[in-house]
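I opened a new notebook page for this structure.

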Amino acid sequence: RLAFATRSKSVATMAASQEFTGNLKREVEKLFDASLRITVPDGTSVETEVAASLPGKPGDYQCNNAMGLWSIIKGKGTQFRGPPAVGQAISKNLPASEMVETCSVAGPGFVNLVLSSKWMSKSIEKMLIDGIDTWAPTLPVKRAVVDFSSPNIAKEMHVGHLRSTIIGDTLARMLEYSKVEVFRRNHVGDWGTQFGMLIEYLFEKFPDTESVTETAIGDLQTFYKKSKTKFDEDPDFKEKAQKAVVRLQGGDPIYRKAWAKICEISRTEFAKVYQRLKVELEEKGESFYNPYIANVIGELDSKGLIEESEGARVIFLEGFNIPLMVVKSDGGFNYASTDLTALWYRLNEEKAEWIVYVTDVGQQQHFNMFFKAARKAGWLPDSDKTYPRVDHVGFGLVLGDDGKRFRTRSSDVVRLVDLLDEAKTRSKTALIERGKDKEWTPEELDQTAEAVGYGAVKYADLKNNRLTNYTFNFDQMLSDKGNTAVYLLYAHARICSIIRKSGKDIDELKKTEKLALDHPEERALGLHLLRFAETVEEACSNLLPNVLCHYLYDLSERYTSFYSIHQVIGSPEEASRLLLCEATAVVMRKCFHLLGITPVYKI
Ligand code: ARG
């Protein structure tokens with residue numbers, strides 16, 4: 001007969017005086033953990049299964065361990081008569097906690113927990129005083145690298161880089177909020193063979209390279225195209241360009257200088273986009289890792305990983321039908337050798353525990369291959385969810401209305417700056433149509449147009465599961481109805497204006513008044529607010545920003561359900577409801593912040 005444990009009754013008392021640390025699901029899990037430790041026979045190992053209850057179902061959280069546990073212990077002399085009895089025991093053994101209103105068992109043993117509204121109110125009041133940062137998730141890493149944006153020198157940043165920039169920035173923001181030290185890395189392509197032709201072309205057009213400025217070059221992409229045409233059409237030029245690569249990589253100072261110039265001009269162009277998007281990045285481009293490559297390849301070689309194949313040096317990897325080339329047949333290094341070296345550097349020099357790469361899904365194989373090579377070299381654990389950990393955050397294509405890859409009328413790649421310009425112009429026009437140019441100062445008009453326009457572009461991207469393709473449509477993303485940034489920004493501004501119109505000092509109310517969640521709509525809104533941190537943690541752990549967008553949209557819907565039924569200003573519950581409005585606005589603003597969207601206060 002299996003003995004039923006009395007192992008750690010102290011666990012039960014330990015959990016009773018829980019302080020809310022922000023992650024509601026985790027708090028509930030702690031309670032059920034404690035209960036299961038008493039309910040589960042000694043020697044049985046089960047993982048606590050807790051999930052938020054679906055809308056319309058009884059309870060706020062549900063523990064689903066009874067059925068599984070029963071299938072483990074039945075026939076082994078257990079005292080229980082079936083899953084519902086196991087459920088009863090789980091419920092009975094739940095430690096006393098001020099968090100819990102009731103706990104009951106339904107159907108085949110679902111244990112439903114209803115949170116105490118009083119405890120919920122108290123936790124929200126506390127957040128209002130101590131700030132939303134007290135709800136920040138805790139992740140199992142201290143330091144992370146987010147490798148994102150990473151355009152290529154002399155080539156224009158296109159919509160794909162926009163996706164990488166937006167998604168990467170959000171991931172970095174979520175990690176930073178979770179108290180992780182984040183290195184935001186721009187792994188720019190600054191070391192390809194294209195530099196040979198670019199430099200030769202530059203020498204031809206500007207014999208005095210010293211004086212070359214951004215304006216002299218004009219648009220670098222056109223410059224790139226022209227040099228490419230010449231490369232394809234003129235054999236003499238082609239030969240010169242190929243020699244130029246060798247001289248550049250060999251460290252010839254004149255070639256190095258010209259290279260640096262081209263990089264500098266590109267960098268200035270990129271910086272303008274980052275500034276508009278309010279995205280911070282530190283450039284450590286491909287060339288940064290040059291000094292380390294030979295050693296790293298040497299290390300892989302000494303571990304017996306590298307083999308000769310058709311004149312090149314490669315690593316054969318199980319599960320891939322092509323080997324990973326790390327030294328080309330001409331002795332040069334490539335994208336993979338640089339990435340392996342960058343990974344080595346990030347793990348050993350920067351001591352990063354989590355490295356996240358944001359690029360289109362088209363590069364998935366490249367990442368899978370060099371990740372695998374790194375595991376083979378013993379740099380990373382074999383299991384991909386243990387730390388130090390690497391993840392490729394892939395994303396799909398941006399499509400035009402015709403369902404094809406997004407292009408402009410002249411069928412060129414879409415320039416990022418033009419997109420941002422148009423987003424701003426369109427949102428400004430919409431504001432002027434609503435007469436805002438007469439109400440606001442030109443600066444206010446401009447700032448709001450920017451916040452709304454850029455916010456719309458970002459949100460339209462982030463709200464989709466990143467792996468799916470999405471259609472870029474200005475009309476849709478700038479609509480003030482539906483799941484758009486415009487709708488959400490306005491919802492937030494409306495809440496702020498309610499608080500302003502009440503004429504009350506909200507900071508004073510926080511200190512003196514209580515928040516009550518007596519009505520179902522108030523309670524549903526309060527519960528959703530308390531789920532903020534667990535949502536950020538989920539979005540972070542699974543690297544899925546759309547999870548947070550979904551939460552934000554739900555939040556504004558719950559707020560609408562509350563506000564459309566309950567009077568705030570002038571009602572007997574005014575103070576409490578103003579606090580609820582304020583808490584909603586605080587959480588919304590944090591969501592905007594994490595999504596890289598600037599909130600507006602007037603609409
Ligand atoms: N420059 C590359 C591109 O535009 C992206 C680089 C991504 N980062 C990396 N470590 N490979 O496709």
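I started with the sheet: five strands form an open one, in the order β7-β6-β5-β11-β12, with parallel pairing. Strands pair here if DSSP finds at least two bridges between them. Strands (E, at least two residues) and helices (H or I, at least four) are DSSP runs, numbered from the N terminus. I noted that β7 (282-283) and β12 (389-395) stand at the edges, each with a single partner strand, so one side of each lacks a neighbour in the sheet.

The model is predicted: local features need pLDDT of at least 70, side-chain atom pairs count only at pLDDT 80 or more, and totals for chains, interfaces and linings use all residues. Residues are numbered from 1 along each chain as its sequence is written.

Next I checked one pair. β5 (143-147) and β6 (181-186) are joined in the parallel sense over five bridges. Val145 has Phe183 in β6 as its bridge partner.

Then I turned to the cores. I took a nonpolar core as a set of buried Ala, Val, Leu, Ile, Met, Phe, Trp, Tyr and Cys residues joined through C-beta atoms within 7 Å. Buried means that 20 or more other C-beta atoms, placed from the backbone, lie within 10 Å of a residue's own. The largest core has 135 residues, and Ala144, Val356 and Ala456 have the most contacts inside it. Helix α24 (574-595) gives the most to this core, 13 residues. A second, separate core has 20 residues, including Phe195 and Tyr201.

Last, the ligand. Among the residues that surround it are Asp147, His187, Asp339 and Tyr357.

Definitions and conventions. Near = placed C-beta within 6 Å. Buried ≥ 20, exposed ≤ 12 C-beta atoms within 10 Å, placed from the backbone.
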